[in-house]
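Open the model in your viewer and keep the selection panel handy. The stops below go one selection at a time.

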Amino acid sequence: MFTCFASICVPPETLVYQAASPDEEALVGAARELGWVFLSRTRDFVTVSELGVARQYQLLALLDFTSQRRRMSVLVREPEGGIKLYCKGADIVILERLQKDFPYQERIEGALELFAQACLRTLCVAVRSVPEASWEHWSNTLARSATMATCDRDALLEKLYDQMERELQLLGVTAIEDRLQEGVPETIALLQQAGLKVWVLTGDKKETAVNIGYSCKLLDADTRLLEWQELRQILQSPDPGATFLKARHTEVWAVEKDSSGTKTAVVLTGPELAEFNQRPEWGATFMSLAKQCQSVLCCRVTPGQKADIVTLVRKHTDSVTMSIGDGANDVNMIKTAHVGVGIAGVEGGQAVQNADFALSQFRFLQRLLLVHGRWSYRRISLFLHFFLFKTVSFALVHIWFAFYNGYSAQSLYEMWNIAFYTVFYTSVPVMLMAYFEQDVSAESSLSWPELYRPGLRRELTTPFTLSMSLLHAVYASVVYFFIPCGVFHNTAFDYQTMAVTVAMSAMFTATTEIGLVTQYWTKFNVASVIVSVILFFLVNRITQSHFLFRKSPLDYPFVGVFENAFASPVVWLTALLSTWMAVLPSVTVRALSVILRVHDKHKIHSVPHRPAELKSALRRGVTPRRSSYALSQEAGPRYLFTSGVDSHGTTALVAKATKGRNFSARSLNSHGQ
């Protein structure tokens with residue numbers, strides 16, 4: 001096990017261990033406390049102090065760890081000359097490679113069960129004595145494999161590794177305390193209140209994953225766990241939906257029979273998930289059932305299976321998937337999801353480097369999703385609707401003008417107003433709205449996670465809302481043209497005066513719409529609106545001056561219009577009337593929404609601020625399920641660690657490793673649960 005590490009010495013007699021995995025680093029540190037100290041490692045030798053006696057082992061071969069093998073082995077030559085193979089890996093892999101009828105089998109399985117219930121990550125360590133002749137033959141075959149093609153070499157290496165890792169003798173079982181990060185239960189509770197479905201994809205044992213689910217509040221005390229045997233029967237039934245509804249009220253896993261709750265969670269393992277590859281028709285049915293579940297826990301899964309689960313969700317639903325992980329085994333899952341989030345921690349930086357967003361703590365997802373995610377969705381939606389409205393309403397005026405100019409393609413606006421309308425008059429206010437807009441504060445967004453649900457249902461940007469914005473733009477363009485046209489009919493006002501009036505109406509309307517949409521005003525928003533209005537009059541005064549007309553009559557044909565048009569009260573009244581009529585639908589809709597509907601945000605503004613409170617799902621008089629998270633904080637594992645007491649007859653080494661858990665969060669559409 002020591003061969004997995006590199007060490008450096010910083011001030012004298014102090015060893016600092018560096019490892020690719022915090023679990024391995026914790027185990028080596030724990031072994032040092034028990035008298036087995038890893039001193040140094042070179043390319044060919046490892047030096048270890050065994051109860052004060054320094055021993056040097058020669059490294060002969062290293063059988064690397066992979067997600068498929070789920071184990072790692074090393075062949076070493078002892079100082080006495082003997083050759084031994086040391087193997088460490090997952091319990092289900094090591095136990096099946098032990099010698100037949102090995103002693104203490106029941107005690108070993110009992111210890112593993114005890115560790116799993118305490119939310120400890122287990123690892124088995126085994127050894128085998130290798131005869132010199134077997135080693136010579138095996139090493140020669142291994143050397144020949146280096147000259148083979150890649151595909152043939154991989155198959156041969158797997159066969160060679162399998163031959164060597166047989167007839168093992170168990171040395172002991174280790175357990176790692178893998179604490180949840182600070183704020184994980186509260187974060188998951190908030191995400192569930194916001195309507196997100198949180199799935200757990202982990203390589204841990206089923207018992208460990210289930211207990212972690214309870215400790216992080218992903219599962220409640222009355223949640224019924226649906227395992228593979230019953231789920232398979234449901235998938236094979238003629239009517240899976242009806243069978244599933246019946247199963248939700250059926251005892252599945254150690255839950256009180258008098259509990260009447262209908263919360264259900266699916267618990268699957270890696271080998272069970274592999275059956276979906278053989279029965280692809282089950283994918284759509286499984287996803288329809290999973291939507292009705294509180295959560296899905298997938299245990300003993302490989303990195304490839306994590307990515308396959310995300311692909312399954314994306315294939316059979318239109319939900320947006322987000323994968324969160326902190327280790328190299330989560331990279332495939334992070335890259336497969338719509339959005340990947342990497343947690344920077346002790347597992348290395350591969351997850352962060354391959355993610356769309358990087359966080360230092362899992363609890364920061366609260367602000368990433370419920371605050372910044374919600375704000376961003378609302379800002380983009382408002383920007384899209386406003387940009388569609390102001391652009392289409394300004395351009396469609398030419399269609400109505402074409403009926404009066406004989407379809408001559410003559411423009412109604414002065415060409416400088418066309419150029420500056422988007423650049424100067426209406427661009428900055430809408431961009432600042434997209435930067436700063438907040439309908440509620442960050443504290444209110446966290447206190448009321450239900451505000452996130454409209455984003456899950458995509459209510460702000462739908463074909464209907466876009467059609468309404470387009471229809472409003474058509475209506476506004478009609479108002480822009482026909483009200484000035486009717487007012488100026490059979491009067492002394494000419495075409496150029498009408499063009500300036502229509503442009504002023506469009507600019508006033510766009511500015512008023514920004515004022516109606518914006519709920520969070522900053523000094524930059526106010527300044528942008530004021531500057532945009534001033535620029536309209538300033539630019540028109542410059543482009544319609546006699547000086548520029550004399551310089552270039554073709555480029556500045558609207559000479560003197562500014563003095564004549566803006567000096568007339570009729571022009572101002574016509575522009576203001578057009579603006580009011582154009583924004584009347586928006587004002588009406590907002591007024592009716594306040595009168596006829598009570599939004600969640602209104603409740604937020606009217607209710608005093610109070611911190612979010614997590615309510616316990618346990619009821620008085622009901623025996624709660626064992627809290628594995630609490631057990632992992634008790635003195636039991638530490639006592640085993642410090643005293644070295646033999647638990648159930650096995651060598652139990654318990655150490656601590658603090659890191660985050662891997663979650664896959666899935667948001668549902670309007671048809672989800």
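This is a predicted model: local features need pLDDT of at least 70, side-chain atom pairs count only at pLDDT 80 or more; totals for chains, interfaces and linings use all residues.

Is Asp 330 buried or exposed? Asp 330 has a relative accessible area of 0%, so it is buried. Asp 330 sits in the loop between β14 (320–325) and α14 (331–336).

Next, bring up the record. An unreviewed UniProt entry places the feature "binding site" at Glu 24, Phe 65, Lys 88, Arg 121, Thr 202, Gly 203, Asp 204, Arg 300, Lys 306, Asn 329 and Asp 330.

Arg 121 lies in strand β8, residues 120–130. Its relative accessible area is 22%, so Arg 121 counts as partly exposed. The cut-off for buried is under 20%.

Now select Cys 87. How many disulfides does the model hold? The count is zero. Cys 87 is in no disulfide, and the nearest cysteine sulfur, that of Cys 124, is 9.7 Å away.

Last stop: a helix pair. Select α18 (residues 415–425) and α23 (residues 495–517). Their axes come within 12 Å and cross at roughly 15°. Angles under 35 degrees count as roughly parallel, so α18 is roughly parallel to α23. The crossing of α18 and α23 is right-handed. Show side chains for the contact: Asn 417, Tyr 421 and Tyr 425 on α18. On α23, show Ala 503, Ala 506, Met 507 and Ala 510.

Key. Residues are numbered from 1 along each chain as its sequence is written. Side-chain values use heavy atoms; hydrogens and water are left out. A disulfide is a pair of cysteine sulfur atoms within 2.5 Å. UniProt positions are given in the numbering used here, feature names are shortened, and annotations may be inferred rather than shown by experiment. Helices (H or I, at least four residues) and strands (E, at least two) are DSSP runs, numbered from the N terminus. Buried means under 20% relative accessible area, exposed over 50%, partly exposed in between (1.4 Å probe, protein chains only). Axes are lines fitted to C-alpha atoms, for helices over the stretch in contact, and angles run from 0 to 180 degrees between N-to-C directions. Angles under 35 degrees count as roughly parallel, over 145 as roughly antiparallel, 65 to 115 as roughly perpendicular and the rest as oblique. A crossing is left-handed if the near helix is turned anticlockwise from the far one by less than a right angle, and right-handed if clockwise. Contact means heavy atoms within 4.5 Å.
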